[in-house]
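Okay, thanks for coming, everyone. Let me put my structure up on the screen, and then I'll walk you through a few spots in it.

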Amino acid sequence: MTETRTPDRRRFFRQLLGAEDAAAPGRAPWRRVPEVGAGDGDVLWSGWTGSGELFVVGDEGMVLRYTGSADAGGSQWQHMTLPTRLPLHGIWGTGADNLFAVGWMGVLLHFDGTQWRLLQGGVIDDQDGRFAPCEENTPLFAIDGNDQGQAWAVGDDGMIRHFDGHNWQQERSPTQVNLRAVACAPGNIVYAAGGEGTVLRRSSDGQWEKLDCPLGSGFHAILVMDDGSLLLGGGRYFVDQGGFRGELVRYKNDRFQALSFDDPMPRLRSLKAYKEGVLIVGDQGHLYYLKDLRLDKLESNSYHDLMDIIVLSTGEALAVGDFGTIMTAAEDFTQALAPPPKAAAASPWEIMDVPTRRQLWGVVEGQDGTCYAYGEAGTVMRLHGDTWELLPAPSELAVHCVWDTGAGLFAAGQLGRIFRFDGQQWALHYDLNLDLTILGMWGSSPESVYAVGDEGLILHFDGLGWQRMPSGTQSALYSLWAMDDEHMLAPGDFGLVLRYNGTEWADFNVGTENFLYGIWGDSLNDIYAVGLSGTLAHFNGQRWQQMATRLRDDLLSISGSEAAGAFIVGTRGCVMRLEGDQWLYEPSGTDAGLRSVCATRNGAVYAVGDRGTVLRRKGVS
């Protein structure tokens, strides 16, 4: 593998595009998240994340749940079944199995991890079938809670409801003004805000008081700052301007102060702590980043109203809003949304003794079930029982791929040279006479073997000789996977995958710009590709879809068998195992980079890599 070129090429393109600091909070452009199961007629009001889960609520009793995985033909976003079609405006909980959602007509729902249940609100008048004009039906617009499991929901007519950890009860409010925001602060203090500059504070003894705010803003958002001060956002309607003008207000040392900026803002809807500053969203797709009283407008690529912000455990954030909008600044939204990788209690892998400490580039199973590992300085090892034994070196050049044809063993690597082993010694079988490295090999028979490598190199052996095939690319091709001679895939640079149909090679778009190093599948409609910076993509027979891993490790190899299952390995000892349609992290017991994995037909699994590391998964022979 020509990995030494990879960082240089990536850095070159970042500099060429002038994007070396593109991820800075004040510069990163925001983009709409694809594959969301909401349409143009849907308004998404708020969301909650935690425990590796994500829930977004909206109109028509909508709750979208992000599962972090997708089965064949399915979606990572699921529409949940609810007992109401009323709009939901806010959601909060202590975990994915204990969530509350509030909304129109005072609706209050609870999710126990299995189903949503209506607790109150939405009362229908038995006489005319309409919503009853009762206090229970007062619309609720926001909810927040604290670490003790208590929560508060606020809404129209100064309505405040309190959850004490067991039951919901109405609390006495000092106002009849519509409330639109609530936030819990340290010391059991709670703030609420709404129209006409209304700001309320609940003391630790449970009493609400109205603060003396001289401003007439209609507040929609509250953020409790680290120093105990408040930042409030909202807006007012101005006739002379023909619309709402956004306003930011700071409350510090018992004093309200309107913050002024050069450019006018639309009505502001949400404020959240974000990357050492404050992220702000508002009407007409406006996004801002506030830090040290400097306000930077962000590129949102949207004109739809944005209603709320969901800050993720990764430090990234989502903005949700009108027209089913969900946006993020993350380069790959699956990385921002991914649940934490699950780890086993102990490593199911063991380190095997080997007669070398040289870098190992690969491991492969032969036609008769024998496994071979290979690497630097002509290293080729054969597994005999539980013992790895060195074979004679084909040459002093690094070996990057080995293939057992059943009638001889091929080894290839640096300088485009291919060697053949007759059981006793190696002989040079083919010399490309170019300084190109052969990186992958696969064959269906002794009369049909393929090899790929640097600069789009593809070779085919027909039993008589090796011939170069046109690939149509100058990008490196890192490996080969095939079902047969008419269904073959070769992954490469910048998300490239070449597909062979028995006649010609053509591009097979995966939808990523990251380098792809490995590819494997158990059928033509269930294929996975892995690559740089935790890249993992799945093909379901119709299209590729990026899958969430939230890993920074480069994923370098993937392999599977019916008896063993499927496995991925990568840098820093990274190992992942496929369980159902979920890829789960497994501790490998090593920090050595793992360059290749082989899941054998008899159920054994081997991984090889840096410093001569060879791992075997426990419980198999």
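This is a predicted model: local features need pLDDT of at least 70, side-chain atom pairs count only at pLDDT 80 or more; totals for chains, interfaces and linings use all residues.

Residues are numbered from 1 along each chain as its sequence is written, and side-chain values use heavy atoms, with hydrogens and water left out.

Back to Ser533: it sits in the loop between β47 (526-531) and β48 (536-539). Strands here are DSSP runs of E, at least two residues long, numbered from the N terminus. Ser533 isn't a glycine, yet its phi is positive, about 55 degrees. Arg611 also has a positive phi, near 55 degrees, without being a glycine. You'll find Arg611 in the loop between β55 (605-609) and β56, and it's partly exposed, with a relative accessible area of 48%.

That brings us to a sheet. β29, β56, β55 and β54 line up in that order as an open sheet of 4 strands with antiparallel pairing; two strands pair if DSSP finds at least two bridges between them. At the edges are β29 (349-351) and β54 (594-599), each with a single partner strand, so one side of each has no neighbour in the sheet. β29 and β56 (residues 614-617) are joined by 3 bridges, and Trp349 stands opposite Arg617 in β56.

There's another open sheet of 4 strands, in the order β38-β39-β40-β41, also with antiparallel pairing. Between β39 (residues 448-453) and β40 (residues 458-461) there are 4 bridges, with Val449 opposite Phe461.

Now, the insides. How many residues does the largest nonpolar core have? The number is 42, and Leu459, Trp466 and Trp505 have the most contacts inside it. By nonpolar core I mean a set of buried Ala, Val, Leu, Ile, Met, Phe, Trp, Tyr and Cys residues joined through side-chain atoms within 4.5 Å. Leu459 touches, among others, Val449 and Trp466, not counting residues up to four places away in sequence; contact means heavy atoms within 4.5 Å. A second, separate core of 26 residues includes Trp481 and Trp583.

Note on methods: Buried means under 20% relative accessible area, exposed over 50%, partly exposed in between (1.4 Å probe, protein chains only).
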